[in-house]
Amino acid sequence: MCIRDSVFVSKNNALLSAAIITLYALLKPFKWPHPIIMNMPQSLLPILDSPVPILVGINQEKEFILKNGYEKSHPWFIYVYLDDQLVHFNLKQNENLCALPFFHGFQDKLKPVSYTHLRAHETPEHLVCRLLLEKK
């Protein structure tokens, strides 16, 4: 299994969180042992340069990522532009990608969850990330 850094981008904060939680749930029976940040503030974007894989939500528009050159400076990332229903990734030579069916209307089926619901499913790793982010 290949682990790739993933960045979800959307102006809709609820959609951003729902998409990341859905991806995390789809990984079962595997576990994602690396950092997950649902809504990374702009001041913490240098974390994208960390040497560990990361799953990040950025509450911006696609143009923000393109204008700041993140696709070029971080070509190994998978970028999921939720508002545009677009996924961007660079394949390395000899790297295969499974073709997955695209479910039209998937975005409509995602429902926002309450902060209380998120806290109920919080793991120790999520707690540490949340406390670090709230400290700012």
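Predicted model: local features only at pLDDT ≥ 70, side-chain atom pairs only at ≥ 80, totals over all residues.

Visitor: Okay, let me zoom out a bit. In what order do the elements of the protein chain run from the N terminus on?

Guide: The protein chain comes to six helices and five strands. Read from the N terminus on, these elements run β-α-β-β-α-α-β-β-α-α-α.

Visitor: Which residue in the hairpin of β4 and β5 takes a positive phi?

Guide: Three bridges join β4 to β5, and Tyr-81 stands opposite Leu-86 in β5. Four residues lie between the two strands of the hairpin. The residue with a positive phi, near 50°, is Gln-85.

Visitor: Now for the inside. How many residues does the largest nonpolar core have?

Guide: Val-7, Met-40, Leu-45, Leu-48, Ile-65, Tyr-70 and Tyr-79 have the most contacts inside this core. At least two of its residues come from each of β1, β3 (55-58), α2 (62-67) and β4 (78-81). Apart from it lies another core, of 11 residues, with Phe-8, Leu-15, Trp-32 and Leu-82 among them. The largest core itself has 16 residues.

Visitor: Tyr-79 keeps coming up. Leaving aside neighbours within four places in sequence, which residues is Tyr-79 in contact with?

Guide: We've already met Tyr-79 as the bridge partner of Val-7 and as one of the residues with the most contacts inside the largest core. With those sequence neighbours set aside, Tyr-79 is in contact with Val-7, Ile-65, Tyr-70, Glu-71, His-74, Leu-86, Val-87 and His-88.

Visitor: What about Asp-5: buried or exposed?

Guide: Asp-5 lies in the segment before β1 (6-9). Beyond its neighbours within four places in sequence, its contacts are Val-52, Pro-53, Ile-54, Trp-76, Phe-77 and Ile-78. A polar atom of its side chain lies 2.9 Å from the backbone nitrogen of Ile-54. Because its relative accessibility is 9%, Asp-5 counts as buried.

Visitor: Last stop, α1. How many Å does helix α1 reach from its first C-alpha to its last?

Guide: At the start of α1, a side-chain oxygen of Asn-12 comes to within 3.0 Å of the backbone nitrogen of Ala-14. Buried residues in the helix include Leu-15, Leu-16 and Ile-20. With 14 residues (13-26), α1 is close to its expected span at 1.5 Å a residue, and it reaches 20 Å.

Visitor: And how much of the protein chain do buried residues make up?

Guide: The protein chain exposes about 9,400 Å², and carbon and sulfur atoms supply 61% of that. Out of its 136 residues, the buried share is 29%.

How values were computed: Residues numbered from 1 in each chain as written. Heavy atoms only, no water. Buried < 20%, exposed > 50% of the residue type's maximum accessible area, 1.4 Å probe, protein only. Polar contact = N/O pair within 3.5 Å; in protein donor to acceptor, adjacent residues only side chain to side chain. Contact = heavy atoms within 4.5 Å. Expected span 1.5 Å × (residues − 1). Core = buried A, V, L, I, M, F, W, Y, C linked by side-chain atoms within 4.5 Å. Areas by Shrake-Rupley, 256 points an atom, 1.4 Å probe, with all protein chains shown as cover. Pairing = 2+ DSSP bridges.
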